[in-house]
Every structure is written in structure tokens, then in C-alpha cells.
Amino acid sequence: AQEAFLQAISLDPNNFHALCYLGGTEIAMGKNKSCLQRYQKALELVQQRHEANHPHVITCYNNLSLVYN
């Protein structure tokens with residue numbers, strides 16, 4: 001799965017969903033530092049496109065909280 005998400009991101013670095021799924025894969029592998037970078041990038045992307053109360057923005061904040069849990 002990790003390779004597929006990396007390939008998707010290489011084709012489109014602004015792929016919000018691939019960034020989130022890759023972050024989830026990395027957190028499951030204990031790679032919190034790289035996971036944090038993915039989730040932060042995803043948050044930046046959705047904040048440019050959506051209002052603060054949009055579900056994608058909320059999902060990003062939730063994902064970030066998992067890194068610090």
C-alpha cells in the first residue's frame with residue numbers, strides 16, 4: 001500500500017487523499033516524523049480549498065492528533 005500511495009503522490013503532489021492514506025500507513029509503521037509531514041501537507045492543501053469547518057479540514061486535524069497520541 002505504501003508504494004501505491006507514494007506513486008500517487010509522485011504523480012500529483014497535491015493529492016490530499018493519498019497524503020492522508022500514506023500518513024495512516026506510516027503511523028501504523030511507527031514512522032511518526034514522516035507521518036506528521038504528510039498530515040501537515042494535507043492540512044495546508046485543504047485549508048487552501050475549503051472553509052475551516054469542512055470535513056476534510058476536520059479530518060486533517062484529527063489525523064494530526066493521532067501523531068501526538
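Start with α2 and α3: their axes come within 8 Å and cross at roughly 160°. That angle makes α2 roughly antiparallel to α3. This is a predicted model, so treat each stop as a computed value.

Next, check the handedness. α2 passes α3 in a left-handed crossing. Now select the contact residues. On α2, pick F16, L19, C20, L22, G23, G24, E26 and I27. On α3, pick N32, S34, C35, R38, Y39, K41, A42, L45 and V46.

Stay on α3 and select residues 32-49. The helix has 18 residues. From first C-alpha to last, α3 reaches 26 Å, close to the 26 Å expected at 1.5 Å a residue.

Which residues of α3 are buried? Select S34, C35, L36, Y39, A42, L43, L45 and V46. In an α-helix, residues three or four places apart point the same way, because there are 3.6 residues a turn. Now show what covers the buried residues of α3: the cover includes α2 (16-28) and α4 (55-68).

Finish with the cysteines. A disulfide needs two cysteine sulfur atoms within 2.5 Å. By that rule the model has 0 disulfides. Select C20 and C60: the sulfur of C60 is the nearest cysteine sulfur to C20, yet 4.6 Å away, and C20 is in no disulfide. C20 counts as buried, at 11% relative accessibility.

Terms used: Residues are numbered from 1 along each chain as its sequence is written. This is a predicted model: local features need pLDDT of at least 70, side-chain atom pairs count only at pLDDT 80 or more; totals for chains, interfaces and linings use all residues. Side-chain values use heavy atoms; hydrogens and water are left out. Buried means under 20% relative accessible area, exposed over 50%, partly exposed in between (1.4 Å probe, protein chains only). Helices (H or I, at least four residues) and strands (E, at least two) are DSSP runs, numbered from the N terminus. The expected span of a helix is 1.5 Å times one less than its number of residues. Contact means heavy atoms within 4.5 Å. Axes are lines fitted to C-alpha atoms, for helices over the stretch in contact, and angles run from 0 to 180 degrees between N-to-C directions. Angles under 35 degrees count as roughly parallel, over 145 as roughly antiparallel, 65 to 115 as roughly perpendicular and the rest as oblique. A crossing is left-handed if the near helix is turned anticlockwise from the far one by less than a right angle, and right-handed if clockwise.
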